[in-house]
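Please look over the sequence and the 3D structure shown here.

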Amino acid sequence: GDFGAGNAFHWSISEDGTLTITGTGDMPDFQYANDPPWFNYWKTISKVEVQEGVTSIGKLSFYTYGNLSHVDLPDSLTSIGDNAFHNCGLTMVTIPDNVTTIGKEAFYGCDGLTEITIPDNVTTIGMEAFYGCNGLTKVIFEHTIAPELGENVFGETNVSLQIVVPAGATG
């Protein structure tokens, strides 16, 4: 189906529960958890594939999708909206290198995450972005300049932070 921004975006869902999103530019933000056009499938969606060309994940896109365990994000992505993956069943996520902003409560309560790498271009991480990710023990910052962190970004987790200075960086 088409959605958002003059129907610049298209979504489809396969029998195995894979939601595929294609488009160009920023995905629309959703105001309510049941606004996304794929909301009726929230229980069956186990994988989300966001195709190259999409530059943001809209707010509340996958709010409390407990069976969503895997997400593929494109290199074109620059921001992850507020509450985008709030209380999802993600076990692993790779944040693409071009992302600059991770919204507030973006991965709130994603218990299945054990490790996350924050790429160097991330300048802002919203409040409680990873709050309550009980399984999270390792966060790797690939930063020369630390990003701005909102309150309680890693609240209620067991995180040990590791700063990794990118190769060739001086500091």
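## Terms and basis

Two strands are said to pair if DSSP finds at least two bridges between them, and strands (E, at least two residues) and helices (H or I, at least four residues) are DSSP runs numbered from the N terminus. Strands of a sheet pair through backbone hydrogen bonds, either parallel or antiparallel.

This is a predicted model, in which local features need pLDDT of at least 70 and side-chain atom pairs count only at pLDDT 80 or more, while totals for chains, interfaces and linings use all residues. Residues are numbered from 1 along each chain as its sequence is written, and side-chain values use heavy atoms, with hydrogens and water left out.

An open sheet with parallel pairing is formed by 6 strands, in the order 4-6-8-9-11-13. At its edges are strand 4 (25-26) and strand 13 (148-149), each of which pairs on one side only.

Elsewhere in the order, strand 9 (residues 101-102) and strand 11 (residues 124-125) run parallel and are joined by 2 bridges, where Ile-102 has Ile-125 as its bridge partner in strand 11.

Another open sheet has 5 strands in the order 1-2-3-5-7, and its pairing is mixed. Strand 1 (2-3) and strand 7 (70-72) stand at the edges with a single partner strand each, so one side of each has no neighbour in the sheet.

## A loop residue, Asp-16

Asp-16 lies in the loop between strand 2 (9-13) and strand 3 (18-23). Is this residue buried or exposed? Relative accessible area, computed with a 1.4 Å probe on protein chains only, is called buried under 20%, exposed over 50% and partly exposed in between, and Asp-16, at 56%, counts as exposed.

The C-alpha atom of Asp-16 is separated by 8.2 Å from that of Ile-45, although the two residues are 29 residues apart along the chain.

## Cysteines

How many disulfides does the structure hold? A disulfide is a covalent bond between the sulfur atoms of two cysteines, counted here when those atoms lie within 2.5 Å, and the structure holds 0 of them.

For Cys-88, the closest cysteine sulfur belongs to Cys-110 and lies 5.4 Å away, which is too far for a bond. The closest cysteine sulfur to that of Cys-133 is also in Cys-110, at 5.2 Å, and this too is too far for a bond. Cys-88 is buried, with a relative accessible area of 3%, and Cys-133 is buried at 0%.

## Aromatic rings

Rings of Phe, Tyr and Trp (its six-membered ring) pair if their centres lie within 6.5 Å, and planes under 30 degrees apart count as stacked, over 60 as edge-to-face and the rest as tilted. By this rule there are 14 aromatic pairs. Among them are Phe-30 and Trp-38, whose ring centres are 5.8 Å apart and whose planes stand at 85°, so the pair is edge-to-face. Both Phe-30 and Trp-38 are buried.
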